[in-house]
Structures are given as structure tokens and as C-alpha cells.
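Here is a set of questions and answers on one protein model. Please keep the sequence and the structure in view while reading.

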Amino acid sequence: MASILIIDDAPMVRELIKEAIQPSQIFARVFEASSGREGFEILMRNDIDVVVCDLVMPESNGYEFLELRQSNVLSREIPTIIITCTESTQPLVDSLKAGASDFLHKPFHPEELLARLRSHVALRIRQNELKQAHADVARYQLHLQNIISSMIDGVIVIDKHEHITMCNEAFLE
């Protein structure tokens, strides 16, 4: 099960989001923050799968949160849905440029929020699986290189385009 961080200066909005996601039982852990800076600190201390962040907050706003999140290699890939009551399209464009993954206007429809959260969590899971698969392939390639290097007979590995991709010392002799 996933974890979510809800960042909004209004306790009532945080409660509405929690009520919207509760029936889905997608999230085992729910973290809350009332400012962008507090949210970033929580993000750095916990394994968060998705963030919902208000854009306009008095102490530390959503743009500051996005800037902090983007500045850290570990956090920049965590999907962040920005929510705001601003009707203008410029905040939407600015937040997407700043690294937001998605955008919702307040008042939001709980079903729409939940659908977007499901989509982002599923994408995050697939991205993590892909990273793990890449790490596994790199580990297997290194293992294969070690095996080929230790062989006493000459070995050459050719790809489908007939390019040499690997050979051992015995082959070169």
C-alpha cells in the first residue's frame, strides 16, 4: 500500500482530502503538513509515493515546495498534484514548469482526485519496477563480464548488428 503527503495550510482541506481517499484504502500512511517547507521536511524523512500540495499558502507556498523537491535527486521523481482555488491558467503553467505532475482546481471532485491519485501511484510503482529491472540488468551484465573475463578460451560477444560488444583477454591474444 502507498503513502501520501497532503500539504495545505487549511486543516479543513486536508480533512476533505483524507475523507476523499479513505474509502479507496490505497494509502496505508497519510502524512500532513501546513506549509511547503514543513512538507518538504516530511518528504525527506519518509517514503512518500505521491504528494497533494496547495499552491497558495501564507508561510511557505507550493512553488517553494516544488523548488525544494526539484533540488533533491531523491525527491524530484515523486509525483505532486497541485491544488488551488486560483482560476487563472498561469499558475497551472507555472507549477507544471516548476515540476508539478498534475493540477486540480478547488473545489475538486473527490472522484477526480482519487482517479488522479490512483494513476500517479500506479505510474510510480511502474517506475520503481523499471528502475529495479535496470539495476538487475546492470548487475547481470557485470556478472557476465566477470565470467567472460575469467575464461581461458577466447570469447567474443556480438550484438544483432554484428558489432563486438565484449571480448576477453584470451580472445585478444
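Q: Leaving aside its neighbours within four places in sequence, which residues is Val157 in contact with?
A: This is a predicted model. Val157 lies in strand S6, residues 156-158. Neighbours within four places in sequence are set aside, and a contact needs heavy atoms within 4.5 Å. That leaves Ile148, His163, Ile164, Thr165 and Met166.

Q: How far apart in space are Val157 and Cys167, C-alpha to C-alpha?
A: In sequence, Val157 and Cys167 are 10 residues apart. Val157 belongs to strand S6, while strand S7 covers 164-167. The C-alpha to C-alpha distance between Val157 and Cys167 is 6.1 Å.

Q: Is Val157 buried, partly exposed or exposed?
A: The relative accessible area of Val157 is 25%. Buried means under 20%, and exposed means over 50%. Val157 falls in between, so it counts as partly exposed.

Q: Which residue forms a salt bridge with Lys106?
A: The closest N and O atoms of the pair are 3.3 Å apart. The cut-off is 4 Å, from a side-chain nitrogen of Lys or Arg to a carboxyl oxygen of Asp or Glu. The partner of Lys106 is Asp54.

Q: How many residues apart are Lys106 and Asp54?
A: Lys106 sits in the loop between strand S5 (102-105) and helix H5 (110-150). Asp54 sits in strand S3, residues 50-54. The pair links distant parts of the chain, and the separation is 52 residues.

Q: Are Lys106 and Asp54 buried or exposed?
A: Lys106 has a relative accessible area of 17%. For Asp54 the value is 3%. Buried means under 20%, so Lys106 is buried and Asp54 is also buried.

Q: Which residue does a cis peptide bond join to Lys106?
A: The omega of this bond is about -5°.

Q: Why does the salt bridge of Asp102 and Arg116 tie together parts that are apart in sequence, and by how many residues?
A: The closest N and O atoms of Asp102 and Arg116 are 2.4 Å apart. Asp102 lies in strand S5 and Arg116 in helix H5, so the bridge joins two elements. Those parts are apart in sequence by 14 residues.

Q: About how many helical turns separate Arg126 and Glu129?
A: The side chains of Arg126 and Glu129 meet in a salt bridge at 3.7 Å, N to O. Arg126 is partly exposed at 49%, and Glu129 is partly exposed at 45%. The two are three residues apart in helix H5, so the separation is about one helical turn.

Q: Which residues are linked in a network of salt bridges?
A: The count of salt bridges in the protein comes to 11. Some residues are linked in a network. Its members are Arg14, Glu15, Lys18 and Glu32.

Q: What is the phi of Gln25 near?
A: Gln25 lies in the loop between helix H1 (11-21) and strand S2 (27-33). At 56% relative accessibility, Gln25 counts as exposed. Its phi is positive in a residue other than glycine, near 55°.

Q: What is the positive phi of Glu162?
A: Glu162 is found in the loop between S6 and strand S7. At 69% relative accessibility, Glu162 counts as exposed. It is not a glycine, yet its phi is about 65°.

Q: Why is the protein more spread out than a compact globule, and what is its radius of gyration?
A: The secondary structure comes to six helices and seven strands. For 173 residues the globule rule gives 16 Å, and the protein is well over that, so it is more spread out than a compact globule. Along its principal axes the C-alpha trace spans about 75 × 35 × 30 Å. The radius of gyration is 23 Å.

Q: How far apart do the centres of the positive and negative side chains lie?
A: The protein has 16 positive side chains. Negative side chains number 26. The centres of the two sets lie apart by 2 Å.

Definitions and conventions:
Residues numbered from 1 in each chain as written. Predicted model: local features only at pLDDT ≥ 70, side-chain atom pairs only at ≥ 80, totals over all residues. Heavy atoms only, no water. Helix = DSSP H or I, 4+ residues; strand = E, 2+ residues; numbered from the N terminus. Rg over C-alpha atoms; globule rule 2.2 N^0.38 Å. Lys, Arg positive; Asp, Glu negative; His and termini not counted. Charge placed at Lys NZ, Arg CZ, Asp CG, Glu CD. Buried < 20%, exposed > 50% of the residue type's maximum accessible area, 1.4 Å probe, protein only.
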